[in-house]
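Welcome, and thanks for taking a look. Please keep the viewer open while you read the notes below.

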Amino acid sequence: MKDLTPPRDTLDPIEIASRDEIEALQLARMRTTLAHAYANVPHYTAAFDSAGVHPDDLKSLADLSKFPFTVKQDLRDNYPFGMFAVPRDQVARIHASSGTTGQPTVVGYTENDLKHWGNVVARSLRAAGLSRGDLLHNAYGYGLFTGGLGIHLGADALGLSTVPISGGMTPRQVRLITDFEPKGITVTPSYALSILDEFNTQGIDPRDSSLQVGIFGAEPWTNAMRREIETAFDMHAVDIYGLSEVIGPGVSMECVETKDGLHIWEDHFYPEIIDPETGAPVADGELGELVFTSLTKEAFPIIRYRTRDLTRLLPGTARSMRRMEKVTGRSDDMIILRGVNVFPTQIEEAIMAIQGLAPHFQIELTKPDRMDQMCVLCEAADAGCDRTAVAKALSDQIKQTVGISVQVNVGDVGDVARSQGKAVRIIDRR
């Protein structure tokens, strides 16, 4: 793999500023954000009043813990535009969730918000080793989902040449990668595996492609999957993080030169880690639930939003801004199986450790009697695989590393449903 480290003089000065400078900027912007939300969003007016706090009570960054959390239900309760802090005619763009699990959550952006969003995504793409004039294959979904258009904003701001292919039509993905020769690809990690399968189906060695870096986000993925993708494509694989409630992709980004966690762009987003059970803040370095407060958003300021993502905060390395560890899972996708907490990423790591298994899988939960049962649905890497042997090996690996007994079904190549976006990992039939 080529060295893609961006030149130091191309970084934004704030990326390598002192911690004192970063925190002074955060405090000033946080005061403005709290006042803006309190004055213009009825939900925050009521929530702050109920908690007995006022924006003027923020004297230090630590004082933010006095303010109430925002949760996804608050956004649903104020559907569609109740959380907007500017008149609707000042909103330049609207995005929304699919609403498949309830009322959609709607977010809005002013022209300034779109400019900031483009800048943090551009910063992220540069941290991945891309620069002006490079060709980017953008396979994130376009539409109400923030992924495709958010990445496109940043690509335009950085001066990239973008192929807006979106997701789906996997054979065409491979053809355009082969014909157009992009340097980078932005895609969910699970769909990257589908693209990898298609390379092999077409008899094309993915290591011969032009791709030098893959930027993967929108779902948790492991370092084991990173190694699989990097080896298969002979390219760097780096993590990008974001969510629509905070802004979209570009909240934090892994730097290609270190790959040691995602630097949070702290001049725009203030992170906290809390105990998911009590809501109490925990110290940097401790595992907990990630919480964000926006610092520059006009249309849709968000105060102490509980992301449900589990991670920890770490000191900066390649940049001065703090890092978040790769997300290990979500507090709301955690499976409690016979008293043991299980995350899909743990199952993924176990699968990646077994020779003969492809990286595609789903977890099926059933309750045939009084006890919950888990079945891991996976598939052989090739037709010559000894399925009985690898099923036992995976079952033993999960028992050893996670501490639970599971059934393993190893199917044929292609049996597990492929994702064209975020992977569906859990099928709950209980």
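This is a predicted model: local features need pLDDT of at least 70, side-chain atom pairs count only at pLDDT 80 or more; totals for chains, interfaces and linings use all residues.

Residues are numbered from 1 along each chain as its sequence is written, and side-chain values use heavy atoms, with hydrogens and water left out. A search of the whole structure turns up 29 salt bridges, a salt bridge being a side-chain nitrogen of Lys or Arg within 4 Å of a carboxyl oxygen of Asp or Glu.

**Salt bridges across the chain**

- As background, side chains of opposite charge can pair when their charged atoms come close.
- Arg 319 and Glu 257 form a salt bridge, with 3.0 Å between the closest N and O atoms. This pair links distant parts of the chain, 62 residues apart: Arg 319 lies in the loop between β13 (313–314) and β14 (323–324), and Glu 257 in the loop between β8 (248–254) and β9 (262–264).
- Arg 319 counts as buried at 2% relative accessibility, whereas Glu 257 counts as partly exposed at 30%. Here buried means under 20% relative accessible area, exposed means over 50%, and partly exposed is in between (1.4 Å probe, protein chains only).
- Glu 266 forms a salt bridge with Arg 322, the closest N and O atoms being 2.9 Å apart. Glu 266 sits in the loop between β9 and β10 (269–274) and Arg 322 in the loop between β13 and β14, so the pair links distant parts of the chain, 56 residues apart.
- Glu 266 is buried because its relative accessible area is 0%, and Arg 322 is buried with a relative accessible area of 12%.
- Glu 364 and Arg 429 meet through their side chains in a salt bridge of 2.6 Å, N to O. Their positions are 65 residues apart, with Glu 364 in strand β18 (residues 357–366) and Arg 429 in the segment after β21 (426–428).
- Glu 364 is buried at 19% relative accessibility, while Arg 429 is exposed at 53%.

**A salt-bridge network**

- Asp 12, Glu 15, Arg 123, Arg 126, Glu 257, Asp 267 and Arg 319 are linked in a network of salt bridges.

**Helix α4**

- Helices (H or I, at least four residues) and strands (E, at least two) are DSSP runs, numbered from the N terminus.
- Helix α4 (residues 111–127) has 17 residues and reaches 24 Å from its first C-alpha to its last, close to the 24 Å expected at 1.5 Å a residue. The expected span is 1.5 Å times one less than the number of residues.

**A four-stranded sheet**

- An open sheet of 4 strands runs in the order β10-β11-β12-β15 with antiparallel pairing; two strands pair if DSSP finds at least two bridges between them.
- β10 and β15 (329–330) are the edge strands, and each pairs on one side only.
- β11 (residues 288–294) and β12 (residues 305–311) run antiparallel and are joined by 4 bridges. Glu 289 stands opposite Leu 310 in β12, and Gly 288 stands opposite Thr 311.
- β12 also pairs with β15 in the antiparallel sense over 2 bridges, where Arg 330 in β15 is the bridge partner of Asp 309.
- β12 is mostly covered, as 6 of its 7 residues are buried.
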